[in-house]
Amino acid sequence: MNLGGAWDPDHVLPKHLDGLAKNIGVRPRLVAEEIARLIEKIADSLKTAAGQYGESFGESSVLERLPIVIRRSLRRAKSQIG
């Protein structure tokens, strides 16, 4: 999916978020605020979601590693919005 001209999530920069805002006709600050809200919601629900998955499908080594990867991605995303 193209996000303001970036196709790879690891390469999304503030200029891409500005491009997204322009493409959808909103202020760049609104995009940044919504992304910040989404980051917080994901962070807040990560432990619960991992627990529910474990209860449904059993313990997995993936459940130990996945939250680490997700938190790293959230920190990176947060740094891109300022």
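This short talk walks through confidence, salt bridges, an aromatic pair and a surface patch in one predicted model.

First, the ground rules. The model is predicted, so local features need pLDDT of at least 70, side-chain atom pairs count only at pLDDT 80 or more, and totals for chains, interfaces and linings use all residues. Residues are numbered from 1 along each chain as its sequence is written, and side-chain values use heavy atoms, with hydrogens and water left out.

Confidence next. pLDDT is the predictor's confidence in each residue, from 0 to 100. The chain has a mean of 88, and 98% of its residues reach 70 or more. Helices here are DSSP runs of H or I, at least four residues, numbered from the N terminus. Confidence is highest in helix 2, residues 28-57, at 92. It is lowest in helix 3, residues 61-81, at a mean of 88.

Now the salt bridges. The rule asks for a side-chain nitrogen of Lys or Arg within 4 Å of a carboxyl oxygen of Asp or Glu. How many salt bridges does this rule give? The count is three.

Take Arg29 and Glu33. Their side chains meet at 3.9 Å, N to O. Both sit in helix 2, four residues apart, about one turn of the helix.

Then Glu34 and Arg37, at 2.4 Å, N to O. This pair also lies in helix 2, three residues apart.

The pair of Lys78 and Glu40 meets at 3.2 Å, N to O. It links distant parts of the chain: Lys78 is in helix 3, Glu40 is in helix 2, and 38 residues separate them. Is Lys78 buried, partly exposed or exposed? For accessibility, buried means under 20% relative accessible area, exposed means over 50%, and partly exposed is in between (1.4 Å probe, protein chains only). Lys78 has 44%, so it counts as partly exposed. Glu40, at 36%, is partly exposed too.

On to the rings. The whole structure holds one aromatic pair. Tyr53 and Phe57 make it, 4.7 Å centre to centre, with 40° between the planes, which is tilted. (Ring centres of Phe, Tyr and Trp, its six-membered ring, must lie within 6.5 Å; planes under 30 degrees apart are stacked, over 60 edge-to-face, the rest tilted.) The two residues are four apart in helix 2, so about one helical turn separates them. Phe57 is exposed, at 62%. Tyr53 is partly exposed, at 42%.

Last, the surface. Val62, Leu66 and Val69 form a nonpolar patch, with about 220 Å² of accessible area together. Val69 is in helix 3.

Key. Patches are made of residues with over 30% relative accessible area and no salt bridge: like charges are joined within 9 Å, nonpolar side chains (Val, Leu, Ile, Met, Phe, Trp, Tyr) within 5 Å. Accessible areas come from the Shrake-Rupley method with a 1.4 Å probe; for residues, only the protein chains shown count as cover.
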